[in-house]
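Hi everyone, thanks for making the time. I'd like to talk about aromatic rings today, so let's bring the structure up.

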Amino acid sequence: MADAEPWKTVKIPPIVQELATGVQEPPSRYVIAEHNRPAVAGSEMPDPIPIVDLSRLSDNCADEAVGHGMEPSFLGEVMGVARDFFKLPLEEKQKYSNLVNGNEVRIEGYGNDMVVSEKQILDWCDRLYIIVEPENRRIYSLWPTQPPSFRDILSEYTVRCRKIANLFLQNLAKLLDLHEDYFVNMFDENALTYARLNYYPNCPKPDHVFGMKPHTDASVITIVFIDDNVSGLQLQKDGVWYNIPILPNALLVNVGDVMEIMSNGFFKSPIHRVVTNAEKERLSLVMFYTMNPEKEIEPLSELVDEKRPRRYRKTTTNDYIAQLFETFARGTLAIDTVKI
């Protein structure tokens, strides 16, 4: 299964949190070519990102959600346990390492993303990546026991986010004139939800690195809980990078590549990136909703006709996620590999 497969690496990158301590400038492996360097300030969106109150959601589809039923105090606990995990001593965090046999990287665990080339530009980011759904696929040896409330809080957050995900999936189906539960019912007992906790240390030259390089998500949809303390997420629209504004206690919902494929391009998976900050660290918690690893992904027959021919080739969840990790490491987009 893709979630358990390790990938051989050219070189294991260091933990950025440790690397960032006391450096005056980022090492060359992290420095972006001058013509690709991000404007850390970004631009302001010409049209604000739509904000949806989920307690009143009917036929709307939007990117930022409020009224989701999670109290600010609970969201504070969620971000708190994430922050406390990354504050742990390195030897404690490495108990959950994503390294296998010392020279291979698996998707799940603590560390960095895989390296496929000595020329690869690395991201200024550490992460903890774990399966949270279904429960019988959780590898608890990779779930931190410190802080003590980590497991219970992440489990509760997972349950609450599932309700939000289903609500958005129902509304996306209605926008396509499909039965309300069309997409919800595609998630069987083997569908996987991944949680990724991202830690972006402060960087002495934030305009020289990416916290996370430009990419799209290989999910059906993605729910992002953004640190209220510091901005950094940017969205590309018409070739221009825009800041995603901070809205306290709101969740950001992205349409992923799989939804773009199934909708035959009606929905677009947004290209986004993360920039760093010279003074402050930044955290985020991302929930990726994916289908059964063996499930075939292709445009829905209801959305293909003479006027709307197929725009994407058939693939599987497993193959597409593997493709995403390969293309992400190289700085290209997985969605481009399946376009017709």
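Let's start with a charge and a ring: the charged end of Arg-162 sits over the ring of Phe-187, at 5.4 Å from the ring centre. Please keep in mind that this is a predicted model. Arg-160 does something of the kind with Phe-74, where the charged end sits over the ring, 4.5 Å from its centre.

Now to rings that pair with rings. How many aromatic pairs are there? The count comes to 14. One of them is Phe-86 with Tyr-110, a tilted pair with 6.4 Å from centre to centre and 50° between the planes. What does that pair tie together? Phe-86 belongs to helix α2, residues 72-87, while Tyr-110 belongs to strand β6, residues 109-111, so the pair links parts that are 24 residues apart in sequence. And are these two residues buried or exposed? Both Phe-86 and Tyr-110 are buried.

Compare that with Phe-266 and Phe-267. Their ring centres are 5.0 Å apart and the planes stand at 90°, so this pair is edge-to-face. Have a look at how the two partners sit: Phe-266 is exposed, with a relative accessible area of 53%, whereas Phe-267 has 9% relative accessibility and counts as buried, because the cut-off for buried is under 20%.

Definitions and conventions:
Residues are numbered from 1 along each chain as its sequence is written. This is a predicted model: local features need pLDDT of at least 70, side-chain atom pairs count only at pLDDT 80 or more; totals for chains, interfaces and linings use all residues. Side-chain values use heavy atoms; hydrogens and water are left out. Rings of Phe, Tyr and Trp (its six-membered ring) pair if their centres lie within 6.5 Å; planes under 30 degrees apart count as stacked, over 60 as edge-to-face and the rest as tilted. Helices (H or I, at least four residues) and strands (E, at least two) are DSSP runs, numbered from the N terminus. Buried means under 20% relative accessible area, exposed over 50%, partly exposed in between (1.4 Å probe, protein chains only). A charge sits over a ring if NZ of Lys or CZ of Arg is within 6 Å of the ring centre and within 35 degrees of the ring normal.
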